[in-house]
Amino acid sequence: MTEGNFVDYVKIYVSSGKGGKGSSHLHREKFIEKGGPDGGDGGRGGHVIVKGNKNLWTLFHLKFTKHVKAGHGGDGGSSRSTGHDGEDKYLEVPLGTVVKDKDTDEVLFEITEDGEEIILVEGGKGGLGNWHFRTSTNQTPRYAQPGMPPIEADIILELKVLADVGLVGFPNAGKSTLLSVLTSAKPKIADYPFTTLKPNLGIVAYRDFQSFVIADIPGIIEGAAEGKGLGHYFLRHIERNSTLLFLVPADAKDIKKEYEILLDELRRYNPEMLDKDRLLVISKCDMLDDELKSEMKKQLDKELKGIPYLFISSVAQQGLTELKDKLWQMLNIEV
Ligand SMILES: Nc1nc2c(ncn2[C@@H]2O[C@H](COP(=O)(O)OP(=O)(O)OP(=O)(O)O)[C@@H](O)[C@H]2O)c(=O)[nH]1
Ligand SMILES: [Mg+2]
């Protein structure tokens with residue numbers, strides 16, 4: 001999924017800095033003939049560090065970064081002066097970024113928190129200066145340690161989709177259409193099931209320059225847990241959203257039943273999915289006249305017993321402001 005500006009996969013070559021050499025300097029001063037060894041230690045090489053940043057949503061900013069090299073440590077000097085440490089290099093990534101070894105595909109670690117820092121390749125240690133090696137039999141060692149070499153690695157950064165709100169619904173419910181009217185995302189929309197095969201993300205601009213992220217995923221059908229339709233493997237993309245938006249079209253035979261089937265499929269995937277906040281949205285309500293709508297409302301109030309629901313139409317742009325308000329409220333109570 002690397003179309004447009006939504007980049008969720010990059011390969012980068014990283015290298016730490018090498019450690020500085022220890023110095024083998026011998027102290028010399030007027031009137032002091034044998035001042036002894038005074039060579040300082042080499043500085044440590046720079047690390048390459050991966051750091052979580054909650055303001056990033058994709059890996060787009062790293063799309064053209066092919067190499068990242070930290071600085072080398074400085075060499076030790078006379079008078080036991082230590083070399084400077086090499087400059088550390090930071091790779092800032094969105095939360096939910098998984099770091100893998102490119103050759104083995106092994107997961108090295110995952111960044112999940114803002115400000116979290118993990119050293120990807122450690123800088124080489126600086127070598128010790130000669131004054132460390134003074135012994136009773138050798139008062140003037142000319143030996144000092146070299147610095148340790150840098151560490152190189154080819155890595156992959158992969159982003160698991162992390163959004164605030166996940167859309168859940170049967171195929172054709174209008175999920176992608178809703179994403180396209182709430183955000184500037186341009187997902188594929190069509191009048192047949194399983195139009196969406198991969199998740200799409202969109203950013204909803206909310207009042208006063210606030211925003212939240214919605215993930216549109218493929219449709220779920222009854223039996224997804226047994227592999228029907230596209231199965232339920234892609235539900236991992238909404239596993240960490242705090243709020244789930246269930247979309248059931250107004251022309252569904254039995255709205256409550258459809259909602260319950262969806263809920264049951266989520267439960268079978270991972271019972272913790274039911275701990276999230278839920279909102280039921282009846283989509284395509286431009287197909288209803290006022291009379292039908294108020295009849296449905298009466299019935300839903302009775303049947304749903306307090307589950308919050310809203311009527312919307314993406315096509316007729318109805319109920320969208322209320323929907324944004326409601327989602328914003330749910331997201332912010334949660335925090
Ligand atoms: N009348 C009406 N039709 C809609 C509305 N929203 C979506 N549709 C239509 O419903 C069909 C399915 O829309 P999609 O947005 O592709 O549905 P989806 O839930 O993303 O479907 P999958 O990706 O297959 O799971 C399309 O023909 C849309 O034009 C709406 O508000 N009113
Ligand atoms: Mg779709």
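1. Is Arg267 buried, partly exposed or exposed? At 40% relative accessibility, Arg267 counts as partly exposed. Buried means under 20% relative accessible area and exposed over 50%, with partly exposed in between (1.4 Å probe, protein chains only).

2. A word on the basis. This is a predicted model, where local features need pLDDT of at least 70, side-chain atom pairs count only at pLDDT 80 or more, and totals for chains, interfaces and linings use all residues. Residues are numbered from 1 along each chain as its sequence is written, chains are lettered from A and ligands numbered from 1 in the order in which they are written, and side-chain values use heavy atoms, with hydrogens and water left out.

3. Arg267 forms a salt bridge with Asp264, with 2.7 Å between the closest N and O atoms. A salt bridge here is a side-chain nitrogen of Lys or Arg within 4 Å of a carboxyl oxygen of Asp or Glu. Both residues sit in helix H2 (residues 255–269), three residues apart, so about one helical turn separates them. Helices (H or I, at least four residues) and strands (E, at least two) are DSSP runs, numbered from the N terminus. Asp264 is partly exposed, at 28%. A network of salt bridges links Glu226, Asp264, Glu265, Arg267 and Arg268.

4. The structure holds 11 salt bridges. One of them joins Arg207 and Asp325 at 3.1 Å, N to O. Arg207 lies in the loop between S10 and strand S11 (210–216) and Asp325 in helix H4 (residues 320–334), so the pair ties together parts 118 residues apart in sequence. Arg207 is partly exposed, at 48%. Asp325 is also partly exposed, at 26%.

5. Now the metal. Ser176 (OG) and Thr196 (OG1) coordinate the magnesium ion (ligand 2) at 1.9 to 2.1 Å. Ser176 belongs to helix H1 (residues 175–182) and Thr196 to the loop between H1 and strand S10 (200–206), so parts 20 residues apart in sequence are tied together. Both residues are buried. Donors are N, O and S atoms within 2.8 Å of the metal (3.2 Å for Na, K and Ca); water is not among the atoms, so sites may look incomplete.

6. Check two backbone angles. Most residues other than glycine have a negative phi. Ser79 has a positive phi of about 55° although it is not a glycine. Lys305, not a glycine either, has a positive phi of about 45°. Ser79 is exposed, with a relative accessible area of 53%. Lys305 is exposed at 69%.
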